[in-house]
Amino acid sequence: MNESKCPVPKEQQPTNEFIALSKSKIFSWPKTKKSLILVLIKFWIIAFVMFIVISSGSIYFKTSLLKYILLSLFSSLAIPLLVSIRLYLGWNHVFKRLTSEKVEYEESGWYDGQVWIKPLVLKEQESLIASIEVKPILKNLIQILSIISVLALSGILLFQYNNF
């Protein structure tokens with residue numbers, strides 16, 4: 001954005017928010033689907049081990065080992081699900097700011113919000129960034145969220161209708 005004509009502070013400009021999010025260690029995971037899946041699997045394994053340790057203190061753990069292993073396996077999906085939701089919300093926020101015709105910003109605090117209408121050239125540039133860079137990330141996150149949700153729901157249904 002042209003610094004002289006744009007009243008929006010530099011850190012609140014949508015393009016700069018996109019760059020900052022892209023450089024962020026956590027939010028850069030979804031840039032490639034493979035790296036995101038590997039990170040989420042690592043979270044799932046760590047959570048599974050923690051959940052097994054927690055459930056091993058139960059008296060019933062010794063009588064129904066398979067039930068508690070499966071319960072830990074499915075309940076540990078909550079951690080990758082929450083991480084995926086957080087990543088989706090962050091990228092979706094930037095996507096909406098990039099595709100919006102107006103930029104809402106604060107000059108010095110929450111109480112003095114302003115709205116600036118983007119010029120056509122800037123709107124086209126940011127729409128291009130949104131469609132080429134951010135949209136595939138959101139698509140990958142939605143696919144991964146769907147897979148995790150299906151796995152979690154199948155675990156819930158397994159325990160709802162089967163008595164081990």
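**Entry 1: Val8.** I started with Val8, which lies in the segment before H1. Helices here are DSSP runs of H or I with at least four residues, strands are runs of E with at least two, and both are numbered from the N terminus. A note on provenance before I go on: this is a predicted model, where local features need pLDDT of at least 70, side-chain atom pairs count only at pLDDT 80 or more, and totals for chains, interfaces and linings use all residues. Residues are numbered from 1 along each chain as its sequence is written, and side-chain values use heavy atoms, with hydrogens and water left out.

Is Val8 buried or exposed? I found Val8 buried, because its relative accessible area is 4%. The cut-offs are under 20% for buried, over 50% for exposed and partly exposed in between, with a 1.4 Å probe and protein chains only.

Next I looked up which residues Val8 touches, leaving out those up to four places away in sequence: they are Gln13, Val103, Tyr105 and Trp116. Contact means heavy atoms within 4.5 Å. Trp116 is 108 residues from Val8 along the chain, yet their C-alpha atoms are separated by 7.4 Å.

**Entry 2: Pro14.** Pro14 is found in helix H1. I count Pro14 as buried because its relative accessibility is 0%. From Pro14 to Thr63 I noted 49 residues along the chain and 56 Å between C-alpha atoms.

Entry 3: Lys62 lies in the loop between H2 and H3. Lys62 is exposed, since its relative accessible area is 70%. Its C-alpha is 26 Å from that of Phe43, 19 residues apart in sequence.

Arg86 lies in helix H4. With 48% relative accessibility, Arg86 counts as partly exposed.

**Entry 4: the cores.** I then looked for nonpolar cores, meaning sets of buried Ala, Val, Leu, Ile, Met, Phe, Trp, Tyr and Cys residues joined through side-chain atoms within 4.5 Å. The largest has 24 residues, and Leu36, Leu87, Trp91 and Val134 have the most contacts inside it. At least two residues of this core come from each of H1 (14-23), H2 (33-55), H3 (65-75), H4 (78-99) and H5 (120-161). Which helix gives the most to this core? H5 does, with eight residues.

Apart from this core lies another, of six residues, among them Cys6, Val8, Val103 and Leu122.

**Entry 5: the whole chain.** I listed five helices and two strands, running α-α-α-α-β-β-α from the N terminus on. The C-alpha trace spans about 70 × 30 × 25 Å along its principal axes. The radius of gyration is 22 Å, whereas a compact globule of 164 residues would have one near 15 Å. That radius is taken over C-alpha atoms, and the globule rule is 2.2 Å times the number of residues to the power 0.38.

Buried residues make up 35% of the 164. Of the contacts with a separation of 6 or more, 68% are between residues 24 or more positions apart.
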